[in-house]
Amino acid sequence: MAASLLLHLLCCLIVFLLLLLPSHSADPDPLQDFCVANLSATVSVNGFPCKPASEVTSDDFFFDGFTEEGNTTNPFASFLRPANVLTFPALNTLGIAMNRVDIAPGGINPPHSHPRASEVGVIIEGKLLVGFVTTNNVFYSKVLTAGQMFVVPRGLVHFQLNVGDRKALAYTAFNSHLPGAALVPLNLFASSIPNEVLTKTFRVDADVIDTIKSKFKS
Ligand code: GLV
Ligand code: MN
């Protein structure tokens with residue numbers, strides 16, 4: 001009896017300790033105050049090596065890349081400006097990043113996923129249909145306006161469509177310094193995946209695949 005109680009307590013302790021491990025978080029925790037990325041370092045590590053602290057200045061910790069509206073004159077009629085470790089090296093190791101999202105009326109931020117982060121977003125202006133799909137193909141969506149927020153669990157396919165009659169602006173944030181973005185249409189139709197894979201996958205003739213691929217030729 002006492003042995004089974006002890007075993008039970010031990011199991012609880014193990015589960016508790018496992019929960020404390022960072023397996024449920026995105027990027028690992030930082031080990032120092034900051035580690036402004038040296039993007040040109042030749043050494044290759046998981047993340048980026050730190051610029052020497054003696055070379056770090058106030059300017060490293062500020063980013064003005066969100067001050068200008070994105071140019072939405074493109075086939076998706078949307079523009080995403082990322083503030084991630086590549087554009088804002090002070091984010092290195094901090095496990096955070098943001099995007100400025102501009103979408104013209106009728107424009108779309110097409111279905112995509114972030115392999116390394118969950119996403120949270122707030123609408124600043126305009127009207128967006130935001131949605132994501134689970135791994136069981138369940139679709140969750142809502143039309144949001146200024147001040148409203150959404151969340152997309154890590155790795156799930158999601159989009160935003162401007163359903164208003166004026167431009168929409170949103171800011172999104174991620175729990176990774178480099179969340180990555182896998183755009184479904186580009187992954188499938190702008191990569192070198194063989195046509196045979198696509199015709200078999202979508203059960204259509206080659207000309208259908210050729211037509212779709214032609215839309216994504218740069
Ligand atoms: C929106 O989905 C974004 O990735 O910023
Ligand atoms: Mn996203």
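Which residues does UniProt place under the feature "binding site" (unreviewed entry), in the set that includes Asn99? I looked this up and found Asn99, Asn109, His114 and Glu119 in the record. UniProt positions are in the numbering used here, feature names are shortened, and annotations may be inferred rather than shown by experiment.

**Ground rules.** I am working from a predicted model, where local features need pLDDT of at least 70, side-chain atom pairs count only at pLDDT 80 or more, and totals for chains, interfaces and linings use all residues. Residues are numbered from 1 along each chain as its sequence is written, chains are lettered from A and ligands numbered from 1 in the order in which they are written, and side-chain values use heavy atoms, with hydrogens and water left out.

**The two annotated sets.** I went back to Asn99, Asn109, His114 and Glu119 as listed by UniProt. They are spread over 21 residues of sequence but cluster in space, with a largest C-alpha distance of 13.9 Å. The lining of the largest cavity takes in these four residues. Here a cavity is a set of points, on a 1 Å grid over the protein atoms alone, where a 1.4 Å probe fits but cannot get out, and lining residues have an atom within 4 Å of a point.

UniProt also lists His112, His114, Glu119 and His158 for "binding site" (unreviewed entry). Their span is 47 residues in sequence, yet no two of their C-alpha atoms are more than 11.7 Å apart, so they gather at one spot. I find these four in the lining of the largest cavity too.

**The metal.** For comparison, ideal octahedral angles are 90 or 180 degrees.

**His114 and Glu119.** I found His114 in the loop between S3 and S4, while Glu119 sits in strand S4 (residues 119-125); a strand is a DSSP run (E, at least two residues), numbered from the N terminus. Both are buried (under 20% relative accessible area, 1.4 Å probe, protein chains only), with His114 at 4% and Glu119 at 3%. Their side chains make a polar contact of 2.8 Å, that is, a pair of N or O atoms within 3.5 Å, one able to donate a hydrogen and the other to accept it; residues adjacent in sequence count only if both atoms are side-chain atoms.

**His158.** I place His158 in strand S8 (residues 157-162), and at 1% relative accessibility it counts as buried. Its side chain is joined to that of His112 by a polar contact of 2.8 Å. Beyond four places in sequence, His158 touches residues including Gly131, Phe132 and Val152 (contact means heavy atoms within 4.5 Å).

**Asn109.** Last, I noted that Asn109 lies in strand S3 (residues 108-113) and is buried at 6% relative accessibility. Its side chain makes a polar contact with the side chain of Gln160 at 2.7 Å.

Methods. On a 1 Å grid over the protein atoms alone, a cavity is a set of points where a 1.4 Å probe fits but cannot get out, and a pocket is an open set with protein on both sides within 12 Å along at least five of seven lines; lining residues have an atom within 4 Å of a point. Helices (H or I, at least four residues) and strands (E, at least two) are DSSP runs, numbered from the N terminus. Buried means under 20% relative accessible area, exposed over 50%, partly exposed in between (1.4 Å probe, protein chains only).
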